[in-house]
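The sequence and structure come before the details.

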Amino acid sequence: MPHLELVATLEGHQDRVWQASWHPTKTLLATCSGDKTVRLWTPISHNNFSQWQCVDTLEGAHKRTIRSVSWSPSGNELATASFDATTGIWENDPRENDWECVATLEGHENEIKSVSWSSTGALLATCSRDKSVWIWEVESDNDFECLSVLQEHTQDVKMVAWHPKLEMLASASYDDTIKIWKEDEDDWYCADTLEGHTSTVWSLDFDGQGDQIVSASDDQTLRIWKMYKPNNPQNVPTPTGEATWKTICTLSGYHNRCIYSVSWSKVNGHIASVSGDNTIRVFKKDTEASQDENAPIYTNTATVNDAHGVYDINGVAWFPSESHSDWLATVGDDGMVRIWKLVE
């Protein structure tokens, strides 16, 4: 039977940990916390993964909780989003091997909940309790220009995530919807609104190709959405001439509290979710049970109960590349960071 094995527990944060983000190419994990810091972690040696060390602490740039942390695709910059309504941009100086906050992006009126770099690193998106999504262009010399302020959500926006290949953005909100944003000659617009969840959408992630999205909600379900382009063979209507996203699978009855975070492995296609019920669940597509690409069946192949003791689990992230594609990081209200290995 597949199961998750605990590889290591990383202790150091002085408050709850909100998010974990893997470096795009190195065995390096960034975590952010209510203690106003980001910590960078790496195994103590190339062959001992049971012991990790904190190799750097990024601090001093934010006055309140750091809610979200995101690596640039090059891995040379980090972006941090804080409840102090600012976004920090951090750069690594290879000579000093030191991280420095080189820019602070201001403009949101309220707590920033999420930050994400586009696949090329040319754009940055942030979202906030002020109900807006901001899109920033990365210019030279750590200059960032706000290209667009998108205000179509009617409530707190919980998360933003870029398509893995295109300049297309998805946002998840307290208004129970997901919105898809695209650019039309320097102007960003809402290309689709994904309705189906009956409560706050906390988290979302694209699959490796970017044709599907998994979303996690306070309604205790995960939904898998598929993009249907105009003139698709399934005859799914596309009234606006834009691609339409439609739910092709709903996973319910697994978590019995709010699902706070979801991660879709870009390597093996597994979906991992974490919840206020203190469990981690891993789902795998069952290709024998359904061959229909438009009605897939996912089975819950591995579960860990009380993965952070009695504490809520706030974030989950699969390792992004082949080398440790069976690794999963989770972070919780207990201030702990845990690395798990999926043994199949």
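Which residue forms a salt bridge with K284? The partner is E344, and the closest N and O atoms of the two are 3.7 Å apart. K284 sits in strand β24 (residues 280-285) and E344 in the segment after β29 (337-343), so the pair links distant parts of the chain, 60 residues apart. K284 is partly exposed, with a relative accessible area of 35%, while E344 counts as exposed at 60%. The model is a predicted one.

## Other salt bridges

The whole structure holds 11 salt bridges. In one of them, the side chains of K113 and D156 meet at 2.7 Å, N to O. K113 belongs to strand β10 (residues 112-117), D156 to the loop between β13 and β14 (157-162), and 43 residues separate them. K113 counts as buried at 9% relative accessibility, and D156 counts as buried at 9%.

A further salt bridge joins K266 and D205 (3.1 Å, N to O). Because K266 lies in the loop between β22 (259-264) and β23 (271-275) and D205 in strand β18 (residues 201-206), this pair ties together parts that are 61 residues apart in sequence. K266 is partly exposed at 37%, whereas D205 is buried at 16%. R64, E111 and R129 are linked in a network of salt bridges.

## A negative patch

At least two of the patch residues come from each of β12 (133-139), β13 (143-150) and β16 (178-184). D187 is part of strand β17 (residues 187-194) and is partly exposed, with a relative accessible area of 49%.

Technical notes
Residues are numbered from 1 along each chain as its sequence is written. This is a predicted model: local features need pLDDT of at least 70, side-chain atom pairs count only at pLDDT 80 or more; totals for chains, interfaces and linings use all residues. Side-chain values use heavy atoms; hydrogens and water are left out. Helices (H or I, at least four residues) and strands (E, at least two) are DSSP runs, numbered from the N terminus. Buried means under 20% relative accessible area, exposed over 50%, partly exposed in between (1.4 Å probe, protein chains only). A salt bridge is a side-chain nitrogen of Lys or Arg within 4 Å of a carboxyl oxygen of Asp or Glu.
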